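The structure is shown first, and the description follows.

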Amino acid sequence: MPSHLVGGATPGEPVDNRPSPIAPKPVLQTKGLTKSFGRGRNARTAVEDVCLTVGEGQVYGLLGPNGAGKSTTLKMVCGMLRPTSGQMLFCGHPWERRDLYQIGSLIEQPPLYPNLTARENLRVRTTLLGIPESRIPEVLRQVGLEDTGRKRAGQFSLGMCQRLGIALALLGQPRLLVLDEPTNGLDPMGIEELRRLILSLPEQGVTVIVSSHILAEVSHVADHVGIITNGRLAYQGALDRSVDLEDLFMDVCGREAR
């Protein structure tokens, strides 16, 4: 097993006795999180015994092959699916529906009205959630869409639509932002714009989970990673810049396959 997949020192190597940095307070923890679909012989377990820990101020990259269970896990965190078993903790207490006011998300396609402007799309959301309209110019600045004027969302590029979707998720000033495959379909310019936005969020008090199967993109933004394969969390830890993320990913997935 590669040495970077396990804790402790290799025999014969010097031990680092320096004190470990203080871990940030967890914003999200899952314990034994499991989701099965169907019953009896037709039952299929999509996520099994997943134990995530996402610290405050982190950009946590959730990695895995297509169909590994990333989206199912995030849908449970965002209240879109009910866990079959296990526990979720948000800011130290058992996850409740009211915590969704502090969890912003962009899962699948942004929920936009194509015939409305960016500002009008945001105004619909503030009305529904009782959020002050003063938040609208703030989030438009955050995502770099303050100058779109009367241009309708249906005329936006895919990257602009993704950023408007994130603006919708940020309206309620969430502590946690969940992004599922946010760079899918984006051109290099759109990817770069989204990358800058994600990196700016922890400085504004927002912890981010970003799910992707594009390893190179996650390596640019994440400081911690978890790797899910076959529905199980096979690896979790700080992103060591001296370790090639692709090598780590292939080692973990290969080990689980064996």
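## Placement of helix H4

In this predicted model, helix H4 lies across strands E7 and E8 and runs at about 160° to E7. Helix H4 covers residues 158–170, a stretch of 13 residues. From its first C-alpha to its last it reaches 18 Å, close to the 18 Å expected at 1.5 Å a residue.

## Burial of helix H4

Helix H4 is largely enclosed by the rest of the structure, because 12 of its 13 residues are buried. Buried here stands for a relative accessible area under 20%. Among the buried residues are Gly159, Met160, Cys161, Gln162 and Arg163; Leu164, Gly165, Ile166 and Leu170 are also included.

The cover over these buried residues includes two strands, E7 (103–106) and E8 (176–180). It also includes helix H2 (118–129), helix H3 (135–143) and helix H5 (188–200).

## The sheet

Strands E7 and E8 also belong to an open sheet of 6 strands, arranged in the order E7-E8-E9-E4-E10-E11 with mixed pairing. At its edges stand E7 and strand E11 (232–238), each of which pairs on one side only. From one strand to the next, the twist averages 15°.

Within this sheet, strand E4 (residues 59–63) pairs with strand E9 (residues 207–212) in the parallel sense, over 5 bridges. Leu62 has Ser211 in E9 as its bridge partner.

Terms used
Residues are numbered from 1 along each chain as its sequence is written. This is a predicted model: local features need pLDDT of at least 70, side-chain atom pairs count only at pLDDT 80 or more; totals for chains, interfaces and linings use all residues. Side-chain values use heavy atoms; hydrogens and water are left out. Helices (H or I, at least four residues) and strands (E, at least two) are DSSP runs, numbered from the N terminus. The expected span of a helix is 1.5 Å times one less than its number of residues. Buried means under 20% relative accessible area, exposed over 50%, partly exposed in between (1.4 Å probe, protein chains only). Contact means heavy atoms within 4.5 Å. Two strands pair if DSSP finds at least two bridges between them. Axes are lines fitted to C-alpha atoms, for helices over the stretch in contact, and angles run from 0 to 180 degrees between N-to-C directions.
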